[in-house]
Amino acid sequence: MNTNVTSNKHVNEWIAEMVRLVKPSGIVLIDGSEEQAEALRAEACSTGEMMKLNEEKLPNCYLHRTAINDVARVEHRTFICTRKREDAGNINNWMDPTECYEKLSKLYDGSYKGKTMYVIPYSMSVVGSDFAKYGIELTDSIYVVLNMLIMTRVGLNVLEALGDSADFIKGLHARADIDEEKRYICHFPEDNTIWSVNSGYGGNVLLGKKCFALRIASYLGRKEGWMAEHMLILGIENPEGEVKYISAAFPSACGKTNLAMLIPPEVYKKRGYKTWCVGDDIAWLRVGKDGRLWAVNPENGFFGVAPGTNENSNPNALHTAMKDTIFTNVCLNLDDNTVWWEGLDNNPPKNALNWKGESWDYRKYDKADKVNTSGAHPNSRFTAMAANCPCLSDKFNDPAGVPISAIVFGGRRAKTAPLVYQSFGWQHGAFVGSIMASETTAAASGAVGVVRRDPMAMRPFVGYDMGDYWAHWLAMGKVAANAPKIFHVNWFRTDDEGHFIWPGFGDNMRVLMWILARCEGKVGATETAIGYVPNVEDINVEGLDISRETMTELLSVDKALWLEDCKGIREFYKQVGERVPQEFYAELEALEARLAK
Ligand code: GTP
Ligand code: SPV
Ligand code: MN
């Protein structure tokens, strides 16, 4: 078999070595052409790996079902394999690299037998830009190839840009037996290597995404002086045509895609405000010559949560996913060969297959057992092209990125966190990020709705020690003379019956407008123990049916709850271990002192 698929000897040698391990029957280089993609779609349909959907209603759209045991990221099977255990830190799972290569080699051995190895050269960020980093993923799955073609920049121009260099991320993926007991998502940051085996699901196998653009990239960012974050990037254009950019870190399935594509409420729309999406999941940030943080979205598409996406909540996402999209684990409407998911509309299909491919009766839906009774899996997804997004920013392909005015942290908190507050400065803001907590969601396997600490929404994605990561945040604030202001939001406060109090979605722009006004020094605030909280009258609620009492409640800070939370923070810091910056302990003590006053 000819393993010289490129003119780069480092690439060829690595491919040859991997070929000896997995033993495919052939090799195909993915060139990024539409002809090749179309042939692969046809092949995937002929084997049942994908299904073509209604061409009139959903042009160039496909449905894929993963194995039933393989529907989300698997954090307990995700490893950071540094030579020294302490470099991976206490929050990550760690395996010795030599041991890990050996163990996984056994699982990979011969796993491509009778199958084709697809070689995907891809770039994270615009090819040739200062931000760009290149990767090659080897996979036995056409589904992975077709998703990577949407999610990243794939093509021969990547190999040209790489030239003779050995500086690329080596990704090896094998579906093998999809055995969850033998599933491993392993990162070797010191070797620029990612090994993923026994999964066929999104974040586990689209190696450019969480594995590279967050875990490996966060490691590289620390080494090279930049940041890789789990953040959306959104532009807000005022009636004068000026655009200000916000980046926001929320944990998985906590509203990044929704905020990134929000449609302004009527009160702002009629005055001429517009919003633009730069990214919905990942941001790479560098300090510009002007001392500001400049951000790009390294991805090229959206891997968005389907349930809850509808004409009201996120019409931009819905329209983006109406063509050229791969749907994963949604419900199939057999009457017209289209797709459906919970929260799309109030009209579930009567003749349908659920996400498992079984005949589905919508009347048996039970909120308490969504996974087994819903049409679409709670973590079902659409893979859609950024280019199809109606509100895509004209800076999306700008190699320089966009300057960030505000960084926003947020999570799902039924109580504690108010609708919004501003930190006292970069150090306190980084501390606010470090104490983030959120109720878990279906995006990762395990229990849903349990509060856990998720600093900077990066708990599952930092490729090194969490304490070192926090120190890197502090260091970046010193380098960036004009660093963004840092805020915290919570769209998920509930009343005593468990209903969300804040309307959320497009109306979140009302909070973002306060944030931008703060950045420009145009609005006051009340200083509280946790930070600056808006004065009730400064959040524009025109057109909303929300009382002043409710707003007061949303903005309130319950000191007793916060003091209780501080205990949890201290415990978490202890768990992170010795490398927690002293500055954060000082911030925690200062917070406790202010709360006790
Ligand atoms: P990942 O792709 O997993 O990183 O998720 P994400 O952060 O992009 O989350 P997404 O925007 O897909 O939202 C996930 C879920 O949160 C969906 O079911 C949304 O309907 C819901 N959601 C998003 N924004 C809001 C909001 O402002 N209020 C409420 N109540 N729910 C929201
Ligand atoms: C997330 O879980 O944060 C996602 C989906 O964006 S995945 O690609 O599976 O990580
Ligand atoms: Mn995400």
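The close-ups below come from a predicted model.

**View 1. Helices α17 and α18 cross.** Helix α17 spans residues 559-576, and helix α18 spans residues 582-596. Their axes come within 10 Å and cross at roughly 160°. The two helices are therefore roughly antiparallel to each other. The crossing of α17 past α18 is left-handed.

**View 2. The contact between α17 and α18.** On the α17 side, the contact is made by Lys559, Trp562, Leu563, Cys566, Ile569, Arg570, Tyr573 and Lys574. From α18 come Phe584, Tyr585, Leu588, Glu589, Leu591, Glu592, Arg594 and Leu595. By class, 10 of the contact residues are nonpolar and six are charged. None is polar.

**View 3. Tyr573 and the nonpolar cores.** The largest nonpolar core has 161 residues. Tyr573 is among those with the most contacts inside it, along with Trp284, Trp473 and Ile515. Leaving out residues up to four places away in sequence, Tyr573 touches Phe431, Ser434, Ile435, Trp470, Val580, Phe584, Tyr585 and Leu588. A second, separate core has 32 residues, including Met18, Ala132, Leu162 and Cys186.

**View 4. Arg510 in helix α15.** Arg510 lies in α15, which covers residues 509-519. Arg510 is buried, because its relative accessible area is 3%, and buried means under 20%. Pro264 is 246 residues away from Arg510 in sequence, yet their C-alpha atoms are 8.6 Å apart. Leaving out residues up to four places away in sequence, Arg510 touches Pro265, Val267, Tyr268, Trp502, Ile539, Asn540, Val541, Glu542, Gly543 and Leu544.

How values were computed:
Residues are numbered from 1 along each chain as its sequence is written. Chains are lettered from A and ligands numbered from 1 in the order in which they are written. This is a predicted model: local features need pLDDT of at least 70, side-chain atom pairs count only at pLDDT 80 or more; totals for chains, interfaces and linings use all residues. Side-chain values use heavy atoms; hydrogens and water are left out. Axes are lines fitted to C-alpha atoms, for helices over the stretch in contact, and angles run from 0 to 180 degrees between N-to-C directions. Helices (H or I, at least four residues) and strands (E, at least two) are DSSP runs, numbered from the N terminus. Angles under 35 degrees count as roughly parallel, over 145 as roughly antiparallel, 65 to 115 as roughly perpendicular and the rest as oblique. A crossing is left-handed if the near helix is turned anticlockwise from the far one by less than a right angle, and right-handed if clockwise. Contact means heavy atoms within 4.5 Å. Ala, Val, Leu, Ile, Met, Phe, Trp, Tyr, Cys and Pro count as nonpolar, Asp, Glu, Lys and Arg as charged, and the others, Gly among them, as polar. A nonpolar core is a set of buried Ala, Val, Leu, Ile, Met, Phe, Trp, Tyr and Cys residues joined through side-chain atoms within 4.5 Å. Buried means under 20% relative accessible area, exposed over 50%, partly exposed in between (1.4 Å probe, protein chains only).
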